[in-house]
Amino acid sequence: MRTRLALAASAALTLLLSLILAVQPASAETGFHIENGRLVDANGNPFVMRGVNHPHSWFTGETESFGEIASLGANAVRVVLSNGVRWDRNDAADVANVISECKENQLVCVLEVHDTTGYGEQSGASTLDQAVDYWIDIQSALEGEEAYTILNIGNEPYGNEGYESWAPDTTDAVNRLRDAGFEHTIMVDAPNWGQDWTNTMRDNAAQVFESDPDRNLLFDIHMYGVYEQASRIQDYLGYYVGNGLPIAVGEFGHNHSDGDPDEDAILATAERLDIGYMGWSYSGNSGGVDYLDMTNNFNPDSLTSWGERLFNGANGIVATAETATVYDGGVDPTPTPTPTPTPTPTPSPTDDPSPEPGDGCTAVYEVQNEWSNGFVAQVEVTAEEDIEGWEVAWTYADGQSVGNAWNTDLTMSGSSVTAGNVAYNGSLSAGQSAAFGLQGSFSGTNSVPDLTCSAS
């Protein structure tokens, strides 16, 4: 490709070939990419992942699972692979076969190296560099598959030790892959066993995204015991959407050894924000986490309660999955590329009177962290009835000042603060909550203000 052609005839031939290539379908030349903070397929249509994780590396004989996962309604599958550091290595031929199975069953294939799990805390775990070495070594299996595959560099690449180097290490890994010629959407996992309780990925996401020369990164959060509260789920995911950063929930469960994640809130929030999710996992769990199996012994006709919930429940896979348009000739089946973000219809204004100020919602203010002259607070808004928007107002009594806020449109005049919803968190069903955060400063006393919540 880099050879210089000196002869005029060769130059003419090169020009002719370029003209031929220019009229090929987009899916033949391009793959998944990020547009305006959203994952878009090769035909330029938004794609929202609705799928499950499949432990292929540990159960290589269960290739029929790809068809079963598709038959249950999924549009994507996140596939466990090994680079040989902790488990048996999946070679290029095996990975090529996995991609073929995905394509045959119209699944988008998210490929991940699992050996990196908990590096720094997990003995024997692979480094991100070793994961990159693996991808480069099996690159032949992924070439030309950019329209059907997403490259997830390494699963949960840090535990709770050494995670401070996540940003530079992830940046280096992405750039090595780009230098090697990978044009895929690259998915990068959070540290802290994937749960980012330190907000290391969140706080560095914009910088890492901009460091990718292709601007084609998808951030991956795993939601287990750290995400027991709906407000925390909404706050974390809403931050990315509000800042135009692409995010997906690459793993989550209905229970876990470190706590009880709110799977209902994860599913509802993901649908409301048009964020992809991949439940863990299809089958084969052991070591005391067997409850995370979605099927009994890889049998799609024998769903567990977790499998029934994820596939057939509210906001689940069957109700929300749409096949990537690269599999249907590039025709988007819906005239509007982005579905309405709220599954529950709001009442007509003629049916219910407009709420009086302070009616329709409640708000609770909580100081989450405080130091000598600064603090971080969260406000949780809960709808008392179906609402289309909300506004919270308060007055600081001790001269506090807000420096910045997220997941809200906030203004401050003197000591008076008004915080309203943004586009993605205003519509709430009765009993549903949304949270926003703020960082401020104070001198002396930092008392909690009284709030007034108004719904519309």
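N425 touches R272, W390, N407, A434 and A435, leaving aside residues up to four places away in sequence; a contact here means heavy atoms within 4.5 Å. The model is a predicted one, in which local features need pLDDT of at least 70 and side-chain atom pairs count only at pLDDT 80 or more, while totals for chains, interfaces and linings use all residues. Residues are numbered from 1 along each chain as its sequence is written, and side-chain values use heavy atoms, with hydrogens and water left out.

N425 sits in the loop between β18 (416-420) and β19 (433-441). Is N425 buried or exposed? N425 is buried, with a relative accessible area of 4%; buried means under 20% relative accessible area, exposed over 50% and partly exposed in between, with a 1.4 Å probe and protein chains only. The N425 side chain also reaches the backbone nitrogen of V422 at 2.9 Å. For such a polar contact, a pair of N or O atoms must lie within 3.5 Å; within protein, one must be able to donate a hydrogen and the other to accept it, and residues adjacent in sequence count only if both atoms are side-chain atoms.

Taken as a whole, the protein has twelve helices and 20 strands. Helices (H or I, at least four residues) and strands (E, at least two) are DSSP runs, numbered from the N terminus. Of the 456 residues, 50% count as buried. Among contacts between residues at least 6 apart in sequence, 74% join residues at least 24 apart.

One part of the fold is a closed barrel of eight strands in the order β3-β4-β5-β6-β7-β8-β9-β10, with parallel pairing. Two strands pair if DSSP finds at least two bridges between them. From one strand to the next, the twist averages 25 degrees; axes are lines fitted to C-alpha atoms, for helices over the stretch in contact, and angles run from 0 to 180 degrees between N-to-C directions. R78 stands opposite V110 in β5.

Helix α8 (residues 200-211) lies across β7 (186-189), β8 (217-223) and β9 (247-252), at about 165 degrees to β8. Helix α9 (residues 230-242) lies across β8 and β9, at about 175 degrees to β8. The axes of α8 and α9 come within 11 Å and cross at roughly 5 degrees. That makes α8 roughly parallel to α9, a label for angles under 35 degrees, whereas over 145 is roughly antiparallel, 65 to 115 roughly perpendicular and the rest oblique. M201, R202 and A205 of α8 meet D235, Y236, Y239 and Y240 of α9.

Elsewhere, β13 (residues 361-370) and β14 (residues 374-383) pair in the antiparallel sense over nine bridges. A hairpin of three residues joins β13 to β14, and the bridge partner of E370 in β14 is F375.

The strand β18 also belongs to an open sheet of four strands, ordered β17-β18-β15-β20 with antiparallel pairing. Which strands stand at the edges? They are β17 (409-413) and β20 (451-455), each with a single partner strand, so one side of each is left without a neighbour in the sheet. Neighbouring strands of this sheet are turned by 15 degrees against each other on average, direction ignored. Five bridges link β17 and β18 in the antiparallel sense, and T411 has T418 in β18 as its bridge partner.
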